[in-house]
Amino acid sequence: MQVVYSPTHLAHDITVETFMGLPVPANEVAERAEKIRAALEADGGFRFQGPTDHGEPPITAVHDPGLVRFLEVAWSEVRRQGLDRSFLSADTYPNRQMFEGMSPDAVTRLAREPKHAAGRAGYWGLDSAAPLVAGTYVAARAAVDVALTAVDLVLGGATAAYGLCRPPGHHAARSMYGGYCFFNNAAIAAEAIVRATGEGVAILDVDYHHGNGTQQIFWRRGDVRYVSIHAHPDRAYPYFLGRADEVGEGDGAGENLNLPLRAGATNEDYLAAVDRAMEAILEVPGAVIVVSLGFDTYGLDPIGDFALTTAVYHEVGQRAAAAGRRLVILQEGGYHRPSLGENARAWLRGADGRAFDPLPAVGFGESGAVAG
Ligand SMILES: [Zn+2]
């Protein structure tokens with residue numbers, strides 16, 4: 001299988017994030033992607049290549065140009081405004097109740113992008129869990145190019161391609177970043193496939209979290225079906241979306257399928273959900289499935305509460321490939337760094353129709369060398 005990787009992700013150098021107001025060591029760190037890269041290189045069965053530059057149009061096909069401009073200038077604004085911070089996080093968010101009782105016209109007029117960087121981050125951001133640093137924009141742009149290069153490979157005839165995207169993307173909505181995500185790599189990939197082929201696309205999201213951004217972007221679309229298996233939002237980020245009764249509207253009615261799972265979900269629970277998801281995906285005509293691949297479903301993940309093991313990832317990869325469609329597989333979350341490489345290797349070998357032989361020396365060591 002071809003792997004698309006860019007070292008530009010290292011520019012998004014995150015060490016601290018905030019969780020419920022407290023600074024904590026960051027989860028979405030550069031080491032994650034390097035662990036996966038090292039394991040796939042050691043495997044020997046994956047061919048690596050860099051991304052090609054696809055420019056801005058595929059991004060603004062999905063995202064508000066205002067969001068792109070904000071992310072591009074955010075860090076220079078932090079510096080220009082003399083803010084003494086190692087990362088940008090919002091001070092206030094425009095909570096909808098701030099405008100309660102005002103007419104839609106008044107809200108449109110008043111709820112406009114502020115000047116202060118801490119207000120702008122609130123205007124475009126969902127939460128305080130997506131610290132923005134000097135290299136965030138170039139890394140997020142590179143992640144999009146990684147995803148689009150994987151699309152090129154698959155549209156060029158490859159059965160499957162894996163884009164080692166970092167930062168991840170599925171929480172980013174049309175006009176909003178958040179949850180470690182800046183541009184929605186999977187949504188940009190799906191949109192590019194629809195435009196190139198004129199065919200429908202299904203997205204299978206197997207990250208632990210609901211991909212609220214992907215759901216929002218395609219909510220009214222009849223040509224992109226979003227199917228997500230995730231932790232129930234009653235107990236997990238993004239809290240406000242991800243329930244089973246969110247099914248889409250308009251042309252998109254019935255095209256959104258959420259399969260929220262209980263805490264402690266086992267391999268068996270998970271595979272049953274995968275089978276339901278694949279059934280829904282096979283109803284969609286089209287040759288390509290985009291996979292939002294997360295490993296925060298792993299039993300030892302520090303921010304998840306499922307009980308999955310490495311072996312199940314191999315099985316899920318096999319079941320995704322058994323659909324007989326081509327796969328654009330894009331990395332999302334997964335925060336237990338020692339296991340990330342092995343879990344990715346297991347999933348991708350499954351998708352590749354290859355057996356999985358655990359390599360205990362790779363991926364499980366805490367001391368693995370990290371580039372950059
Ligand atoms: Zn996640």
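What you see is a predicted model, in which local features need a pLDDT of at least 70 and side-chain atom pairs count only at pLDDT 80 or more, while totals for chains, interfaces and linings use all residues. Residues are numbered from 1 along each chain as its sequence is written, and side-chain values use heavy atoms, with hydrogens and water left out.

Let me start with confidence. The pLDDT is the predictor's confidence in each residue, from 0 to 100, and the protein averages 95, with 97% of the residues scoring at least 70. Over residues 362–372, however, the pLDDT is below 50, and this stretch has 21 contacts in the model beyond near neighbours in sequence, where a contact means heavy atoms within 4.5 Å.

Now to the helices, and a word on naming: helices (H or I, at least four residues) and strands (E, at least two) are DSSP runs, numbered from the N terminus. Helix H1, residues 30–43, has 14 residues and reaches 21 Å from its first C-alpha to its last, close to the 20 Å expected at 1.5 Å a residue; the expected span is 1.5 Å times one less than the number of residues. Why do we call H1 largely enclosed by the rest of the structure? Because 11 of its 14 residues are buried, and buried means under 20% relative accessible area, exposed over 50%, and partly exposed in between, with a 1.4 Å probe and protein chains only. Among those buried residues are Glu-31, Arg-32, Ile-36 and Leu-40, and what covers the buried residues of H1 includes strand E1 (2–4), strand E4 (47–49) and helix H11 (337–351). Just after H1 comes Gly-44, which takes a positive phi of about 85°.

Helix H3, residues 65–80, has 16 residues, and its span from first to last C-alpha is 22 Å, close to the 22 Å expected. Where is the kink in H3 centred? The kink, of about 50°, is centred on Ala-74, and the bend at a residue is the angle between axes fitted to the seven residues ending there and the seven starting there. Ala-74 is buried, and so are other residues of H3, including Leu-67, Phe-70 and Trp-75; the buried residues of H3 pack against helix H2 (57–60), helix H5 (117–124) and helix H6 (136–155). After H3 comes Gly-82, whose phi is positive, near 70°.

Next, please turn to the metal. The zinc ion is coordinated by Asp-207 (OD), His-209 (ND1) and Asp-296 (OD), at 1.9 to 2.1 Å; donors here are N, O and S atoms within 2.8 Å of the metal (3.2 Å for Na, K and Ca), and water is not among the atoms, so sites may look incomplete. In sequence the donor residues are spaced D-x1-H-x86-D. His-209 is buried, with a relative accessible area of 8%, and Asp-296 is buried at 0%.

Helix H10 also holds His-314 and Ala-320. His-314 is buried at 12% relative accessible area, and Ala-320 is buried at 1%. Not counting residues up to four places away in sequence, His-314 touches several residues, including Trp-347, Arg-349 and Phe-356, while Ala-320, leaving aside such neighbours, is in contact with Leu-204, Met-278, Ile-289, Leu-327 and Trp-347.

Finally, the backbone. The peptide bond from Arg-166 to Pro-167 is cis, with omega near 0°, and a cis bond also joins Tyr-237 and Pro-238, with omega about 5°. Tyr-239 has a positive phi near 60° although it is not a glycine, lies in the loop between E7 and E8, and is partly exposed at 39% relative accessibility. Met-20 likewise has a positive phi, near 50°, and counts as exposed at 73%.
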